[in-house]
Amino acid sequence: MTHLTLISHELCPYVQRAAIVLAEKGVAFERVDIDLSKKPDWFLAISPLGRVPLLRVRDESGKEAVLFESLAICEYLEETQPGPKLHPEDAIERARDRAWFDLASGLLGDIWTLETTKDAEVFEAKRKAIASKLETLEGAVSDGPYFHGRAFSMIDAVIASAFRYFEVIDAIRDTRVFEKTPRVRAWRAALAERPSVKNAVPKDYPDKLRAFLAAHDAYLLRQAPAGA
Ligand SMILES: N[C@@H](CCC(=O)N[C@@H](CS)C(=O)NCC(=O)O)C(=O)O
């Protein structure tokens, strides 16, 4: 049997994509979290870009391959692993979803800056960019509960970690990025309840994310109302 190891970081949103796909497919895997501020030598030796996630794939003969980039890993899992197919059967829908992956990754980039910037203007620009991307998605999402309706699919796995950030961010300071997007709000709520999504991060994820924000002296925290 093939042995899969997901090289991870506890907070990484890209890692969560692969963890969610593995859980949806019911595939056993080992997860190894590393400290990205002190990348181990063994990790640097096998990671072409020095980033997580990596997926180590060891076959029955002991031969090992290392995959990198979250979307490539998700596509590999979809092609090779048992369990439900996560991509739509229709080629047009599949192609569109892959196009939406690009927006989802752009959203993660915007959120990274929103949570790490020390600058008020940058924060506001990113807040607006995120709201605008969510408004674009509002026109594409189904009646729910998931992106394509009743079946959970790859686009759900790819975007869930972006939505999760706002459980912590909006508790500190309401960014109102979901204000004009009722369908995306409902989609986000459905994803938050999905076991594969819940279990893609440790139980103390909110505390760890807050500690990360504090370590970055984030504008988000500095501007938080007293007591938040
Ligand atoms: N495009 C990559 C992004 C992965 C990424 O940026 N991972 C971050 C952690 S969330 C990382 O490993 N950063 C370490 C670094 O850049 O030094 C993917 O989809 O996998």
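Mentor: Helices (H or I, at least four residues) and strands (E, at least two) are DSSP runs, numbered from the N terminus. This is a predicted model, where local features need pLDDT of at least 70 and side-chain atom pairs count only at pLDDT 80 or more, while totals for chains, interfaces and linings use all residues. Residues are numbered from 1 along each chain as its sequence is written, and side-chain values use heavy atoms, leaving out hydrogens and water.

Trainee: OK, at what angle do α4 and α6 cross?

Mentor: Roughly 20°, and the axes of α4 (residues 91-116) and α6 (residues 154-172) come within 9 Å. Axes are lines fitted to C-alpha atoms, for helices over the stretch in contact, with angles from 0 to 180 degrees between N-to-C directions. So α4 is roughly parallel to α6, a label for angles under 35 degrees.

Trainee: Which residues of α4 and α6 make the contact?

Mentor: With contact meaning heavy atoms within 4.5 Å, they include W100, F101 and L107 of α4 and I155, V158 and F166 of α6.

Trainee: And what does α4 pack against with its buried residues?

Mentor: Those residues pack against α1 (13-25), α3 (70-80), α5 (120-138), α6 and α9 (205-215). Buried means under 20% relative accessible area, exposed over 50%, and partly exposed in between (1.4 Å probe, protein chains only). D97, L103 and D110 are among the buried ones.

Trainee: New topic: where is R56 found?

Mentor: In strand β3 (residues 54-58). R56 has a relative accessible area of 22%, so it's partly exposed.

Trainee: How far apart are R56 and E30?

Mentor: They're 26 residues apart in sequence and 9.6 Å apart in space, C-alpha to C-alpha.

Notes
Angles under 35 degrees count as roughly parallel, over 145 as roughly antiparallel, 65 to 115 as roughly perpendicular and the rest as oblique.
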